[in-house]
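Please keep the sequence and the model in view while reading.

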Amino acid sequence: MKLTLRVWRQRNADAPGAMSTYDVDGISSDMSFLEMLDVLNEQLILSGEDPVAFDHDCREGICGACSLVINGDAHGPERTTTCQLHMRSFRDGDTIDIEPWRAAAFPVIKDLVVDRSAFDRIIQAGGYVTAPTGSAPEAHATPVPKADADFAFEHAECIGCGACVAACPNGAAMLFTSAKVNHLNVLPQGAPERETRVLDMVAQMDAEGFGGCTLTGECATACPKGIPLVSITGMNKEWLRAARRVAKR
Amino acid sequence: MARTMWDSSVGKKTVMAVSGLIMLAYLVVHMIGNLKIYFGAGEFNHYAHWLRTIGEPFMHYEWTLWLIRIVLVVAVAAHATSAYQLSRRDIKARPSAYVHAKPRASYATRTMRWGGIILGLFVVWHVLDLTTGTVHPGRFEHGHPYQNVVGDFSHWYSNVIYIVAMLALGLHVRHGFWSAAQTLGVGSRTRDRALKTLANVLALLLTAGFIAVPVGVMTGVVS
Ligand code: HEM
Ligand code: SF4
Ligand code: FES
């Protein structure tokens, strides 16, 4: 396959950026999108140019490091992570636009790499879970109803990639935050901090400069792990419950 | 509690949802009341007079009406203020657009914002038109709402303003009602279809019911 790539290039956080056009040839349809970018970078290095910086780690869709907005879609046209996107989703001769996540809370560090530490601070704001550490507890010591376990697991699937923020017209982190809140708030292990967790995480989300939810649903469409839009409804419910309870204390 | 609400984006959105639902409930009653115009001047004007006497003899003349007006003004102010502040936050949170832009992403958000502004301007115009008579295009007489409405919709631009505003209302309620359910945490996977249907039905009934009045005057059924 022969492709034309239009890639966002930006030297550092303060430099202005722009789209640069590159041609790549000899791309196999079995390559992943990141392998295709590796080919581009080898080409750039050989010609003495600065390779394109992009985030990646596991390359198997579980770590949440990879990003990229591809032709306007976070993680590209398939419901998966960029590392699990394959070139067979494109056609020979295509022009592909590649941009970084765009949000005030995710400033660009270089080229396609953005600073997602705002997510870490939201997680930190959630605090800890009051559960004994050390040797694993006996599995049936704390019974969890099947439905709750499934619900928690569905939300635990969030890999913190930030595609939801990138896709949201308001740069909101509601889907990410709701995945974390719902995951821990439904479990007995997370119950003692149920109120403070949601209030503090939402407060941190606001403090980081993320936008609010207007329920356009773009986040859930972009999420590679299928976290549903109704998770946000669930977090709103938790938040209202917590605000009422804390006021009574 | 009030501070927690107003300072949080989730809390402020709750203010939007509650104030929106208060206005929505009022609009449903208002729309049904308006349809009495089809039963003639006597019944319509009598109904308008009754609105001023609700709650008597406990309430004095027009007390209940003023109570409703105060609640509505507070709702409009709370709704518009939180809409402005939340929209400011949203726009600031996404300072640079994608080069490869997708228009669909912000459709609902944009219609809510523009629709909201149209509705805000309409509410002001509507009060100056049919409550105070300040901008009424014909001869406005207090206590004769039937004649005032007929006089109003005998002018083409009144028809245009009302019909455009009511279409904007339909779109606003369609996304707004369902959104409010999500904001208040009552939406769920199993209830989603029902809520969306209810939102569509409400939007359609409100728009059709309100538009029926200018259409009635235009077609001569109401004169
Ligand atoms: C003063 C004029 C109005 C303005 C400026 C306005 C503006 C808005 C905006 C911008 C939103 C989206 C809020 C967001 O960013 O999350 C919204 C939502 C909403 N509006 Fe309005 N609107 C107005 C009038 C009305 C009226 C007359 C109704 C009554 C039917 C209404 C009902 C709603 C509802 C129920 C929501 C959903 C709240 C939520 O998402 O939880 N609005 N409005
Ligand atoms: S909710 Fe989905 S899109 Fe958002 S960070 Fe988690 S996995 Fe990524
Ligand atoms: S590189 Fe780990 S999820 Fe893509």
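Helices, of at least four residues, and strands, of at least two, are DSSP runs numbered from the N terminus. The model under discussion is a predicted one.

**The two chains**

Chain A contains eight helices and seven strands. Chain B also has eight helices, but zero strands, and its pattern along the sequence reads α-α-α-α-α-α-α-α. The table sets out some overall values for each chain.

| Chain | Residues | Buried | Span along principal axes |
|---|---|---|---|
| Chain A | 249 residues | 52% | about 65 × 40 × 35 Å |
| Chain B | 223 residues | 41% | roughly 55 × 45 × 35 Å |

Contacts can also be sorted by separation in sequence. Among contacts in chain A between residues at least 6 apart in sequence, 68% join residues at least 24 apart. For chain B, the corresponding share is 65%.

**Helix pairs**

Two packed helices are described by the angle between their axes and the distance between the axes. One pair from each chain is described here.

In chain A, the axes of helix 2 (residues 117-125) and helix 6 (residues 194-207) come within 8 Å and cross at roughly 155°. Helix 2 of chain A is therefore roughly antiparallel to helix 6 of chain A, since angles over 145 degrees are classed in that way. The crossing of helix 2 and helix 6 of chain A is right-handed. From helix 2 of chain A, the residues A:Arg121, A:Ile122, A:Ile123 and A:Ala125 take part in the contact, and they meet A:Asp200, A:Met201, A:Gln204 and A:Met205 of helix 6 of chain A. By class, this contact of helix 2 with helix 6 of chain A comprises five nonpolar, one polar and two charged residues.

In chain B, helix 2 (residues 9-34) and helix 4 (residues 63-93) have axes that come within 8 Å and cross at roughly 140°. Helix 2 and helix 4 of chain B are therefore oblique to each other. Their crossing is left-handed. Residues of helix 2 of chain B in this contact include B:Lys12, B:Met16, B:Met23 and B:Tyr26, while those of helix 4 of chain B include B:Leu72, B:His79, B:Leu86 and B:Arg89. By class, the contact of helix 2 with helix 4 of chain B has 13 nonpolar, six polar and three charged residues.

**The surroundings of ligand 2**

How many residues surround ligand 2? There are 14, and the closest are A:Cys158, A:Cys161, A:Gly162, A:Cys164 and A:Cys223. Helix 4 (163-167) and helix 5 (174-185) of chain A are the elements that give two or more residues to this shell. Sorted by class, the shell around ligand 2 holds 11 nonpolar, two polar and one charged residues.

A:Tyr22 lies in strand 2 (residues 18-24) of chain A. Its relative accessible area is 12%, so A:Tyr22 is buried, the cut-off being under 20%. Although A:Tyr22 and A:Leu5 are 17 residues apart in sequence, their C-alpha atoms are 5.1 Å apart in space. Beyond its neighbours within four places in sequence, A:Tyr22 has contacts that include A:Leu3, A:Val7, A:Leu40 and A:Glu49.

A:Thr80 belongs to the loop between strand 4 (73-74) and strand 5 (95-99) of chain A. With a relative accessible area of 19%, A:Thr80 is buried. Apart from neighbours within four places in sequence, A:Thr80 is in contact with A:His75, A:Leu85 and A:Pro224.

**Backbone geometry**

Most residues other than glycine have a negative phi, and most peptide bonds are trans. The following cases depart from that pattern.

A:Asn71 is not a glycine, yet it has a positive phi of about 50°. A:Asn71 is located in the loop between strand 3 (69-70) and strand 4 of chain A, and it counts as buried at 19% relative accessibility. A:Leu215 likewise has a positive phi, near 55°. This residue, A:Leu215, sits in the loop between helix 6 and helix 7 (218-222) of chain A, and it counts as buried at 5% relative accessibility.

In chain B, the peptide bond that joins B:Glu56 and B:Pro57 is cis, with omega about 10°.

Note on methods. Residues numbered from 1 in each chain as written. Chains lettered and ligands numbered in written order. Predicted model: local features only at pLDDT ≥ 70, side-chain atom pairs only at ≥ 80, totals over all residues. Heavy atoms only, no water. Near = heavy atom within 4 Å. Nonpolar A, V, L, I, M, F, W, Y, C, P; charged D, E, K, R; others polar. Buried < 20%, exposed > 50% of the residue type's maximum accessible area, 1.4 Å probe, protein only. Contact = heavy atoms within 4.5 Å. Axes fitted to C-alpha atoms, helices over the stretch in contact; angles between N-to-C directions. Parallel < 35°, antiparallel > 145°, perpendicular 65-115°, else oblique. Left-handed = near helix turned anticlockwise from the far one by under 90°.
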